[in-house]
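Trainee: Could we go through this model together, slowly, so that I learn how to read it?

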Amino acid sequence: MAVIIKTPEEIEKMRVAGRMAAEVLEMIEPHVQPGISTGELDRICHDYIVNVQKAIPAPLNYHGFPKSICTSINEVICHGIPNDKKKLKSGDIINIDITVIKDGYHGDTSMMFCVGQVPELWQKLCRVTRECMIKGIEQVKPGAHLGDIGYAIAKHAHAHNFSVVEEYCGHGIGKVFHEEPQVLHYGKAGTGIILEEGMTFTIEPMINLGTKQSKLKPDGWTAVTKDKKPSAQWEHTLVVTADGFEILTLRKGETI
Ligand code: MF3
Ligand code: CO
Ligand code: CO
């Protein structure tokens, strides 16, 4: 199966879906405070997506995922399941991952939030992980290789003595949530497929303070670090343009 090149009409629909996913993060930001449960965050996002945006929360029932967003706290790498018992406390770092479907197309984005007072090293992990995502994004242009993205990301993570999760990756996205290509967050420059105008995919590095090794919780979804040290992740959806990239999930006031 080859990588699907989107038409200008499809890219316009992905702009709309991407903008909506970003708006959910903008909306939820003031709610991310000590004491709120991840279940409440899920309900607020679900209701906004369904009732205000008239869109669909893509994770809900996706391969059996039971909630509308993913909430991944501290040692959780990705795909944390919101629940009413798990409350945020000062010192936590949390990734909130939003994917909406609007008019048949997906927008997928996530970011880290620091809750209350977070230790400087954990704040640095969050900051450097965002820089990793940006360094990956900056590689994107027609003629670049997919491996250039992973190489740039891993180089920056390793420069700070952090590790790169290898079991989960970015992905092509469009009518389908996860389509080709797989976008690895490590690799060798000059290898992999050559990027072409009209490709749409995510870049979503997961960077760990300690070991890169992960394990899956018995719930079948929650991925955690083997050493229980924290993990951070940021994600954007982008399209390859004639001379570079366009980020489809930029938030208001966000610059790269
Ligand atoms: N949004 C996640 C990603 O970035 C995927 C979540 S799948 C779910 O690809 F089922 F866990 F929601
Ligand atoms: Co994604
Ligand atoms: Co996502």
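Predicted model: local features only at pLDDT ≥ 70, side-chain atom pairs only at ≥ 80, totals over all residues.

Trainee: Okay, which residues coordinate the cobalt ion (ligand 3)?

Mentor: Asp97 contributes two OD entries, Asp108 an OD and Glu235 an OE, at 2.0 to 2.4 Å from the cobalt ion (ligand 3). Donors here are N, O and S atoms within 2.8 Å of the metal (3.2 Å for Na, K and Ca), and water is not among the atoms, so sites may look incomplete.

Trainee: And why is the arrangement around the cobalt ion (ligand 3) called irregular?

Mentor: The arrangement is irregular because the six donor atoms subtend angles of 58 to 167° at the cobalt ion (ligand 3). For the label, four donors count as tetrahedral if all angles lie between 85 and 135 degrees; four count as square planar and six as octahedral if opposite donors are over 155 degrees apart and all others between 65 and 115; anything else is irregular.

Trainee: How are those donors spaced along the chain?

Mentor: The spacing for the cobalt ion (ligand 3) is D-x10-D-x126-E. Distant parts of the chain are linked in this way, since aspartate 97 is in strand β4 (residues 93-102) and glutamate 235 is in the loop between β13 (231-233) and β14 (236-240), 138 residues apart. Strands (E, at least two residues) and helices (H or I, at least four) are DSSP runs, numbered from the N terminus.

Trainee: Are aspartate 97 and glutamate 235 buried or exposed?

Mentor: Aspartate 97 counts as buried because its relative accessibility is 11%, and glutamate 235 is buried with a relative accessible area of 0%. Buried means under 20% relative accessible area, exposed over 50% and partly exposed in between (1.4 Å probe, protein chains only).

Trainee: What about the cobalt ion (ligand 2), what coordinates that?

Mentor: The cobalt ion (ligand 2) has Asp108 (OD), His171 (NE2), Glu204 (OE) and Glu235 (OE) as donors, at 2.0 to 2.2 Å. Its site is irregular too, with angles of 51 to 160° among six donor atoms. Aspartate 108 bridges this ion and the cobalt ion (ligand 3), and the two ions lie 3.3 Å apart. Both aspartate 108 and histidine 171 are buried.

Trainee: New topic: how many residues surround ligand 1?

Mentor: There are 14, and the closest are Pro59, His171, His178, Glu204 and Glu235, where a residue is near if one of its heavy atoms lies within 4 Å. A polar side-chain atom of glutamate 204 is 2.8 Å from an oxygen atom of ligand 1, and one of aspartate 97 lies 3.1 Å from a nitrogen atom of ligand 1.

Trainee: Can we do strands now, and what does β9 pair with?

Mentor: Strand β9 pairs with β14 in the antiparallel sense over four bridges, and two strands pair if DSSP finds at least two bridges between them. One of the partner pairs is isoleucine 203 with histidine 236 in β14. In a regular strand the side chains alternate between the two faces of the sheet. In β9 (residues 200-203) both faces are covered, with Thr200 and Thr202 buried on one side and Phe201 and Ile203 buried on the other.

Trainee: What does the side chain of threonine 200 touch?

Mentor: The side chain of threonine 200 makes a polar contact with that of lysine 6 at 2.9 Å, and it also reaches the backbone oxygen of isoleucine 173 at 2.6 Å. A polar contact is a pair of N or O atoms within 3.5 Å; within protein, one must be able to donate a hydrogen and the other to accept it, and residues adjacent in sequence count only if both atoms are side-chain atoms.

Trainee: Last one, which peptide bond is cis?

Mentor: The bond from glutamate 180 to proline 181 is cis, with omega near 5°, and proline 181 lies in strand β8 (residues 179-183). Most residues other than glycine have a negative phi, and most peptide bonds are trans. Lysine 54 is not a glycine, yet has a positive phi of about 50°, and this lysine 54 is exposed with a relative accessible area of 60%.

Methods:
Residues numbered from 1 in each chain as written. Chains lettered and ligands numbered in written order. Heavy atoms only, no water.
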